[in-house]
Amino acid sequence: MATEGFERYRSAYAEQVARLADIRDKRIEQAFAAVPREAFLPLPPWSVISMGIAMRTSDVAEIYNNVLVAIDRERGINNGEPALHAAWIDAVHPKPSESVIHVGAGLGYYTAILALLVQPSGHVEAFEYEADLAAQAARNLASYPDVAVHAASAFGRTLPPADIIYVNAGVVAPDVEWLRALNPGGRLIFPWQPHKGWGPALLVTRRAGGFSAQSLMTVGFISCSGTTEKPSVAHLPTEADLAAIRSVWIKGDRSPDSSAFAVYDDVWFSSKEVGD
């Protein structure tokens, strides 16, 4: 569908999203204003979801609000809440020339926004497990030369070095390869869902002495396909544990100690700060 003439919708929408997310980086608002959301959605009529209520619409103005838009309702896949993504993108703070891995790219909307934020010379590797969505995302992102789309899971595979790993699918535990792929100072954000369907969004940063971790907000995401980690029954974290997280460790680098409250096959979480 044609996307020309909707700049006024995008501008007001970007301002709304930036305000709701209380973003620090003005470039994020500019990126939301620049990328046409309708170009990364199925053809209308769209299923727009707000406050748990869905409505069908072909009015472009309706998708330029802080609403979910369904990509595939039967599979529970949607385009994501813009203000939440704006807050996450602000938290990982993409900078020009950085490399990004986007896990769970869907149809590529937030991939495109990330790609704009790492220009010039930045690069985004986008992974989407659902082959049909990956194929459409590749078409949607064809005009973004610094984006590569992979129809594959980003779980359980060696990944290229990255400054940012942006995960849009819930996991019981982060893949150890995500941690290994982070460059010094690199940031990983993902929905940690040790309890079915919900958990904190965690911001992980690679420091000189390990991986610091910070809980940002409680979220619920569709589960990541292709995951292998199993719940740690003996150390299932409580809500207090989730709030107290300060670091995450690779088991092969450091064995769990008395501060561990969630231990998995390859990684474990701690209430201690990196360096303690």
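Me: What are the ground rules for numbering and for confidence?
Reply: Residues are numbered from 1 along each chain as its sequence is written, and side-chain values use heavy atoms, with hydrogens and water left out. The model is predicted, so local features need pLDDT of at least 70 and side-chain atom pairs count only at pLDDT 80 or more, while totals for chains, interfaces and linings use all residues.

Me: How do α4 and α5 pack?
Reply: Helix α4 covers residues 82–92 and helix α5 covers residues 109–117; they pack at an angle of about 35°, with their axes 12 Å apart. Axes are lines fitted to C-alpha atoms, for helices over the stretch in contact, and angles run from 0 to 180 degrees between N-to-C directions. Helices (H or I, at least four residues) and strands (E, at least two) are DSSP runs, numbered from the N terminus.

Me: Is that crossing left-handed or right-handed?
Reply: The crossing of α4 and α5 is right-handed, meaning that the near helix is turned clockwise from the far one by less than a right angle.

Me: Which residues make the contact?
Reply: From α4, Pro82, His85 and Ile89; from α5, Tyr110, Ile113, Leu114 and Leu117. Contact means heavy atoms within 4.5 Å. The residues of this contact divide into six nonpolar, one polar and no charged. Here Ala, Val, Leu, Ile, Met, Phe, Trp, Tyr, Cys and Pro count as nonpolar, Asp, Glu, Lys and Arg as charged, and the others, Gly among them, as polar.

Me: How many residues of α5 are buried?
Reply: Eight of its nine, so the helix is mostly covered. Buried means under 20% relative accessible area, exposed over 50%, and partly exposed in between (1.4 Å probe, protein chains only). The buried residues of α5 include Thr111, Ala112 and Ala115.

Me: What does Tyr109 touch?
Reply: Not counting residues up to four places away in sequence, Tyr109 touches Tyr13, Phe32, Val35, Pro36, Arg37, Phe40 and Asn79.

Me: Switching to rings. How many aromatic pairs are there?
Reply: A search of the whole structure finds 13. Rings of Phe, Tyr and Trp (its six-membered ring) pair if their centres lie within 6.5 Å; planes under 30 degrees apart count as stacked, over 60 as edge-to-face and the rest as tilted. Tyr13 and Tyr64 have ring centres 5.1 Å apart and planes at 70°, so that pair is edge-to-face.

Me: Where do those two sit?
Reply: Tyr13 is in helix α1 and Tyr64 is in the loop between α3 and β3 (68–72), 51 residues apart. Both are buried. Ring pairs link Tyr13, Phe32, Phe40, Tyr64, Tyr109 and Tyr110 into a cluster.

Me: Which peptide bonds are cis?
Reply: The bond from Pro44 to Pro45 is cis, with omega near 10°, and Pro45 is in the loop between α2 and β1. Another cis bond joins Gln119 and Pro120, with omega about -5°; Pro120 is in the loop between α5 and β6 (123–127).

Me: Which residues have a positive phi without being glycine?
Reply: Among them is Asp22, with phi about 50°, in the loop between α1 and α2. Met51 has phi about 55° and is in the loop between β1 and β2 (53–57).

Me: Are they buried or exposed?
Reply: Asp22 counts as exposed at 61% relative accessibility, and Met51 counts as exposed at 81%.

Me: And Thr205, buried or exposed?
Reply: Thr205 is buried, with a relative accessible area of 10%, and its place is in strand β10. Leaving aside neighbours within four places in sequence, Thr205 is in contact with Gly185, Gly186, Arg187, Gly210, Phe211 and Ser212.
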